[in-house]
Amino acid sequence: MKRKNRWYLLGLLPFVVMVALFQLVPIVSMVTGSVRLEGGAGMTFGYYARIFQSDYYLKAIQNSLLISAFSSVIGIVVGLACAYSVTRFAPRMRDRLIMVSNMTSNFAGVPLAFAYIILLGSNGVFTLLFKQWGWDVFAGFNLYSWSGLVLVYVYFQVPLALLLLYPSFYGIREQWKEAASLLGASHWQFWRTIGIPVLMPAVFGTLGILFANAMGAYATAYALVGCAGGRFGPVDAAGGVPEP
């Protein structure tokens, strides 16, 4: 038995090597580089001090945290409703919806920003079309504003939340609902005392992943800011890269 366990551990070696090369080594290199002087000799915390002493950087960090928090909360709320709905469909329809959600959750970055600019920008297709029809649907909407950034982020946050949450609904057994119903519990009482507590670990885990996903999607915000004609600086976008 011990020999078999050793062979199983040996089988994990490629995975450990991959994690070390693509996860641990870049993190260690980034951390050590952030405290190394430009010449390569000696250590300094001047880069971190510059961040906390500059209102420019602090504002960028604040906006990044806010837009990540807002888009994550909206994504988790909408994703919960969508995930529960997906479990109610037939297997064939459910698989198609999951496939579409998988593609949508990976459509982010610069391509997503330009897609929104083409559709909902100042001269976007829908903006000009509805204006020509006399509909004031996007009259007060600005894609390059705070609400526009949140809308773009929610686009890929909701499908990701759906993919991560829908398996957890299958962990709630039908026998639990039947037993609760026989004991006189209402539908809301079942979800409040049994269903929601069972889902909470998945919900908080997904919320953390959504927040990290939004913090890393700085390319989308930067592309929108760059196409705004200079009306908004990098400070107004999540993860904006300060310009000299």
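Start by selecting A223: its relative accessibility is 10%, so it counts as buried (buried means under 20% relative accessible area, exposed over 50%, partly exposed in between, with a 1.4 Å probe and protein chains only). A223 lies in helix α11, residues 218–226. Helices here are DSSP runs of H or I with at least four residues, strands are runs of E with at least two, and both are numbered from the N terminus.

A word on what you are viewing: this is a predicted model, in which local features need pLDDT of at least 70 and side-chain atom pairs count only at pLDDT 80 or more, while totals for chains, interfaces and linings use all residues. Residues are numbered from 1 along each chain as its sequence is written, and side-chain values use heavy atoms, leaving out hydrogens and water.

Now show the surroundings of A223. Leaving aside residues up to four places away in sequence, A223 touches V110, A113 and I117, where contact means heavy atoms within 4.5 Å.

Zoom out next. The protein has eleven helices and zero strands. Of its 244 residues, 31% count as buried.

Select residues 146–169, helix α8. Its end C-alpha atoms are 33 Å apart, which agrees with the 34 Å that its 24 residues should span at 1.5 Å a residue (the expected span is 1.5 Å times one less than the number of residues). At V154, α8 bends by about 30°; the bend is the angle between axes fitted to the seven residues ending there and the seven starting there. Color α8 by accessibility and you will find 18 of its 24 residues buried.

Then pick helix α4 (residues 55–86) together with helix α10 (residues 187–216). They pack at an angle of about 140°, with axes 9 Å apart. Axes are lines fitted to C-alpha atoms, for helices over the stretch in contact, and angles run from 0 to 180 degrees between N-to-C directions. The pair is therefore oblique: under 35 degrees counts as roughly parallel, over 145 as roughly antiparallel, 65 to 115 as roughly perpendicular, and the rest as oblique. To see the contact, show side chains including S64, L65 and Y84 of α4 and W191, L210 and M215 of α10.

Finish along α10 itself. Look for a kink of about 45° at I196, shortly before the proline P197. Which helices do the buried residues of α10 pack against? They pack against α4, α8 and α9 (174–182), and among these buried residues are F190, G195 and L199.
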